Amino acid sequence: MLQIPTTPRYDWKVRAKEFGFGFHTIDNEPYWTEDRYYQFTLKQIEEHIEAPTAEIHRLSLQAVEQVVNSDELMARFQIPEAMWSLVRASWKRRDPSLYSRLDFAYDGKNPAKLLEINSDTPTSIYEHGFFSWLWLEDKVNRGELPHVADQFNLLQELLVNRFCELKPFLPFNTLHFACCKGTEEDKGSVDYLADCAKDAGIHVEFVYIEDIGLSECGKFTDSNNKIIDSIFKLYPWEFMFREEYAQHLVTAGVNWFEPMWKCITSNKSILPLLWEMFPGHPNLLEAYFADDPQAKRLTHYVMKPIFSREGANISIHKDGKVVEEVDGPYGEEGYIVQQYTPLPKIGDSHVLIGSWLVNDTPAGLSVREDIGRITKDTSRFVPHIILG
């Protein structure tokens, strides 16, 4: 795994504007970064990223089976008891999923180590699925990269294929897309997914989460009072379960994307459960619930809230001292602890690998960088190539 300096495209901001990439800069700091790229070999991609991704995904589904069959684990995962029957029914039906991302620490040599699973509301999908591929095409066409350069990037192709598979299950061939107001990155993500759905021949509608209403018969509605039959919502299940409208999830009769059972795989509690089920797995890190006596065995570890996003409320501890931490609104629900493993540091940046799946199929790789050890929503996105 090499970091290679390169000259940014002279017109990349024009290209970004042309294709609606409005969040390439965050708080006047670069988010999209193309004065360098990461180079992987095909063997690294296939054996060190793609294969472990498929394996860990398969193991995570076994973990879901354990959770839905255990009241104790449902409680451990902080799923409200009123939602247990819905989550179990979603899993029993095998409600179809769309996509996920696994985050790994990987140095190009040693086995990739799972840091967490983002299976409910993973973002940075537009940057990888479209804009990163556009970067590669431009660089190759302009002679700035070898013509044999490739990317591990099947994301858009597999998303369109997946939407084609889902079409028969969508009433009136309509799929709503939703995110919260005031979140440009989230809006960009759902717009990109909506475009993929359109390419599959699906009629799409958009509604902000805050504008979803309720009909007299207990169905959710959009801002035009149209019944929502199927919806992709970039909004976490743990939030939805605790809101006033949660009582109507039983009667709403919605096809949810992502499905309700993903409240389990997106939950940090799955990390200690995976370690308990598959101890010593080469791609897993030792992990425990914070109140587990075995957690005291770890002297260098990361503490993560059961519900946490974009690095919020995560802290790194060594020999009883906090080495690094990020503030945030999470933590009331409890914590897990996970053995610390360093992200590779190249120059002044710590490098995180995101490995994507569409349904059950590995679909691509993305690279994030941060000066700190904890990856956040502002961490830089850097393109990659496969060569050799």
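How many bridges join strand β7 to β8? Six do, with β7 spanning residues 174–179 and the two strands running parallel; strands here are DSSP E runs of at least two residues and helices H or I runs of at least four, numbered from the N terminus. The model is predicted, so local features need pLDDT of at least 70 and side-chain atom pairs pLDDT 80 or more, while totals for chains, interfaces and linings use all residues. Residues are numbered from 1 along each chain as its sequence is written, and side-chain values use heavy atoms, leaving out hydrogens and water.

Within that pairing, histidine 176 has glutamate 205 of β8 as its bridge partner. The open, parallel sheet has four strands in the order β8-β7-β11-β12, where pairing takes at least two DSSP bridges. β8 (203–208) and β12 (255–257) sit at the edges with a single partner strand each, so one side of each lacks a neighbour in the sheet.

Turning to the aromatics, 23 pairs come out, counting Phe, Tyr and Trp (six-membered ring) centres within 6.5 Å, with planes under 30 degrees apart called stacked, over 60 edge-to-face and the rest tilted. Phenylalanine 19 and phenylalanine 130 make a tilted pair, with centres 5.1 Å apart and planes at 55°. Phenylalanine 19 is in the loop between α1 (12–18) and β2 (25–26) and phenylalanine 130 in helix α5 (residues 125–141), so the pair ties together parts 111 residues apart in sequence. Tyrosine 126 and phenylalanine 131 are stacked, their centres 6.5 Å apart and their planes at 25°. One aromatic cluster includes Phe19, Tyr126, Phe130 and Phe131.
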